[in-house]
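Colleague: I'm new to reading protein models. Could you walk me through this one?

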Amino acid sequence: MSILRFTTRIAFIGLACVSFCATANAQCPGEAPAGSPCAPRVVAGQRGTHTVVMDVTNAIGGFQMACGFNVGRAVWFEVTPDVSGQLTFTTCHPSTSFDTVIQPWKSSGDCEFPVRLDDLCVDDSETATCDNGCQAFGGNVSFAVVAGETYLFEVGSYNDNAAQCALCLGINVTLCGADPTPPVAMLASPASFSCGCDVVQIVGTAMDSDDGLRNYTLEYRPASGGPWTFIADSTTQAVNAVLADWNTTSMAQGYYFLRLTAKNGCGQVDTDTQVVWLDGSFDTLTLGSPAPNGVYAGLICFDGTASDNLCFDRYTLGYRPTGGGAYSPIDGGVFNTSVINNPLGTWDSTSAPDGRYEVKLTGLTACGNSAELVHNVVVDNTPPTVFINAPLSCDYVDGVVQIVGTALDANIAAWTLQVAGGNLDGWRTLNSGTSSVTNAVLANWDTSSLPACAYVLRLIASDSAVRNCTTTRQRTEHYVTVNVGSCGDFDVDDDGDVDLFDFSAFQGEFVGPLP
């Protein structure tokens, strides 16, 4: 850097004593201005950050600076570092309200003749942090210093505060040691994209082995955006330790950014950020099968979704008779793997009596949040009852034959009466229905056009129960064989059936040897 040593005394603009006789501005809760390099505001030279707030309303002009324009209202600060390292002087401070110019100097031993450090003069540092309002900016200057040397900082207002800003000045002086490494900020728990419940314990590291930890801060904000919200802070170093307990009980479910910021004694900063999911409910629970009010038999398949984003713990299946009581487990009852649009479990309903039941699917998160679905179903493991009461098997019939029978089921779907035989090509339907019938006329069968022959009557009934998770329904059949037309009466003894007694009588009618 270029250094200009003044060999002649530079006069102050105005009276030096004014800086010591000034009355503080009521709007600036700061110290009175230190307006002379011979009576500067002394700032501690220990490692760390040191802050001063000063009211410069009544400050006067100062020494000529190497930058800026028509600089006025100058005040002075002095720092003698205890250690060699990096020194940062900044007017980017919440209390600073005007456009500042910073000129660093080095002491020559004579306060009236300091050495100006031209290359370090700073007018503006135009960043958001340094925006002091009133269309003004503060400044930052940072450079290497030597332990025991004395450094001076002259701060003035650009163009003698022609913008007529409030003249309040806040400065930070930060001194780092010879090894100005940043602190360490590291979040260990919760892990990124982990599940957060109610009160989240935050574990991590916030430390600096060189210059000491000034403080750490924990904050959060929604992943969708918005300002950071304070959780906790501390000035105590922590190594893989509990940093804070984050109470999230009143927060909406969703993704959040969690940020740890560690700052050392030199003002250096390190941050670590994790994405956390805060749980508020069990997310997705659907039950496609069994359907509400469906009728089932045998194995009943449960199909649907039991899934939660990052916080899934388990789902359960159970059943009970409609009307109350405890739920009995289905297929073991507890399942620890989430399911999306796939089988959830199977219930062998043959272990339960026929009747109406409630089946329940429950989902639970690791945070204890739950959701449930209940479907009412009918268990019907009893197949339909079918019977042809008349005519009887082996009867001889002709003309119009009244067929009487039963097709009965609590959940009947359909029944069909059919005939086959003679000159018929396969089964021919005589009648059908969808309601139960008991010992009633099923059909009037006109046999007058049929050739004399044996015929088979078949009564089929099926119910509506979904059986074994397939499209197969429970079905019962009953068959009766009859003779259409007269082929002779073989019931010789008229006892209602044809047996060996009838055959013996028939045989007795023949005499002589057989051909």
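Colleague: In what order do the four strands of the open sheet lie?

Modeller: First, some ground rules. This is a predicted model, where local features need pLDDT of at least 70 and side-chain atom pairs count only at pLDDT 80 or more, while totals for chains, interfaces and linings use all residues. Residues are numbered from 1 along each chain as its sequence is written, and side-chain values use heavy atoms, leaving out hydrogens and water. Strands are DSSP runs of E, at least two residues, numbered from the N terminus, and two strands pair if DSSP finds at least two bridges between them. Here the order is β3-β12-β5-β10, with antiparallel pairing. The edge strands, β3 (48-55) and β10 (140-145), each pair on one side only.

Colleague: How many bridges join β5 to β10?

Modeller: Six bridges join them, and T88 stands opposite S142 in β10.

Colleague: How many disulfides does the rule give?

Modeller: A disulfide is a pair of cysteine sulfur atoms within 2.5 Å. The count here is eight. One of them joins C28 and C168, with sulfur atoms 2.0 Å apart. The torsion about their S-S bond is about 65 degrees, so this disulfide is right-handed. C28 lies in the loop between α1 (18-21) and β2 (41-43), and C168 in strand β12, 140 residues apart.

Colleague: Is C28 buried or exposed?

Modeller: Buried means under 20% relative accessible area, exposed over 50%, and partly exposed in between (1.4 Å probe, protein chains only). C28 has 4%, so C28 counts as buried. C168 is buried too, at 8%. By contrast, C394 is exposed at 55%, and C453 is partly exposed at 34%.
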